[in-house]
Amino acid sequence: MKKNMLIAAILATMLNNVSAQTILKIGVEGAYPPFSYISAQGKVEGFEPELALLFCEKMQVTCELVQTDFDALIPSLNSKKIDVVIASMSVTDERKKAIDFSDKYYNSPAKFVHLNSMPMVIIDKNDVKGKAIGVQSGTIHETFAQDNYAAIADVKSYRSLDEAMSDLSSGRIQLVFADSVALDDGYMKKDPALAFIGPDFVDPKWFGAGIGAGVRKGDKIVDALNAAIKASRSDGSYQNIAKKYFEFDVFGDK
């Protein structure tokens with residue numbers, strides 16, 4: 001009880017640093033199930049849109065979800081088209097040169113996926129030599145693949161993970177490299193022809209320290225976001241949303 005009261009007090013103090021604007025615009029992607037996707041009714045839904053609205057409730061601000069392509073999120077943030085990014089953006093040193101981040105709100109490893117009708121072993125770089133690897137443009141997965149495989153494989157960048165997975169299913173590429181949870185929940189559970197292959201990839205040099213909310217450099221709203229994340233974890237509201245989408249603790253190590 002005392003812990004919850006302390007978090008509430010901290011959150012109330014942090015609210016003084018939030019912009020007085022009437023609507024906080026939250027950039028979400030809408031093409032990364034189950035984290036975010038467009039429903040049959042044309043509405044942006046998923047784990048992150050729900051979390052975004054929960055954080056806004058904790059911060060006592062009105063929010064608007066703004067669907068934005070992933071590679072346009074940071075430019076849109078810095079041009080003030082949006083105010084916060086909640087779109088599976090990993091906290092990396094390179095991105096921290098352009099924007100600030102909240103504490104993490106989830107973490108999961110990256111993996112390769114392939115068609116299980118195509119035998120393959122992913123142990124080292126030689127296993128992907130000459131293969132076509134699909135990645136989503138603007139992601140840490142694209143950076144990792146370019147840095148590690150571009151010299152020996154065909155790294156193909158796609159606007160969305162949906163497009164990469166479509167080319168994998170049709171046989172135009174042999175592998176897709178992406179977040180393991182997005183691959184599993186968004187695609188593999190629906191298609192038994194898909195399978196993970198190889199190890200988890202977690203090297204912080206490329207994959208950072210988890211997923212955080214992005215804000216403009218120096219924007220003190222990050223303090224309120226951090227307090228909102230802590231409050232939602234403490235009162236169980238975060239876990240109530242997470243269990244709708246995952247059968248494991250997506251938050252990762254504490």
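For the counts that follow, Ala, Val, Leu, Ile, Met, Phe, Trp, Tyr, Cys and Pro are taken as nonpolar, Asp, Glu, Lys and Arg as charged, and the others, Gly among them, as polar. On that basis, the lining of the second largest pocket in this predicted model divides into 11 nonpolar, 9 polar and 3 charged residues.

| Pocket | Space | Lining residues | Nonpolar | Polar | Charged |
|---|---|---|---|---|---|
| Largest pocket | About 340 Å³ | 22 residues | 10 nonpolar | 5 polar | 7 charged |
| Second largest pocket | About 250 Å³ | 23 residues | 11 nonpolar | 9 polar | 3 charged |

Within the lining of the largest pocket, the residues that lie nearest its centre are Thr92, Glu94, Arg95, Ile140 and Thr143. The elements that give two or more residues to this lining are α3 (73-78), α4 (140-149) and α7 (204-207).

For the second largest pocket, the residues nearest the centre are Ser90, Ser108, Ile140, Asp179 and Ile211.

Turning to the strands, β13 covers residues 211-215 and is mostly covered, with 5 of its 5 residues buried. Strand β7 (residues 100-106) is joined to β13 by 4 bridges, and the two strands run antiparallel. In this pairing, aspartate 100 stands opposite valine 215 in β13.

Terms used:
Residues are numbered from 1 along each chain as its sequence is written. This is a predicted model: local features need pLDDT of at least 70, side-chain atom pairs count only at pLDDT 80 or more; totals for chains, interfaces and linings use all residues. Side-chain values use heavy atoms; hydrogens and water are left out. On a 1 Å grid over the protein atoms alone, a cavity is a set of points where a 1.4 Å probe fits but cannot get out, and a pocket is an open set with protein on both sides within 12 Å along at least five of seven lines; lining residues have an atom within 4 Å of a point. Grid points are joined across faces, edges and corners, and a volume is the space filled by probe spheres set on the points. Buried means under 20% relative accessible area, exposed over 50%, partly exposed in between (1.4 Å probe, protein chains only). Two strands pair if DSSP finds at least two bridges between them.
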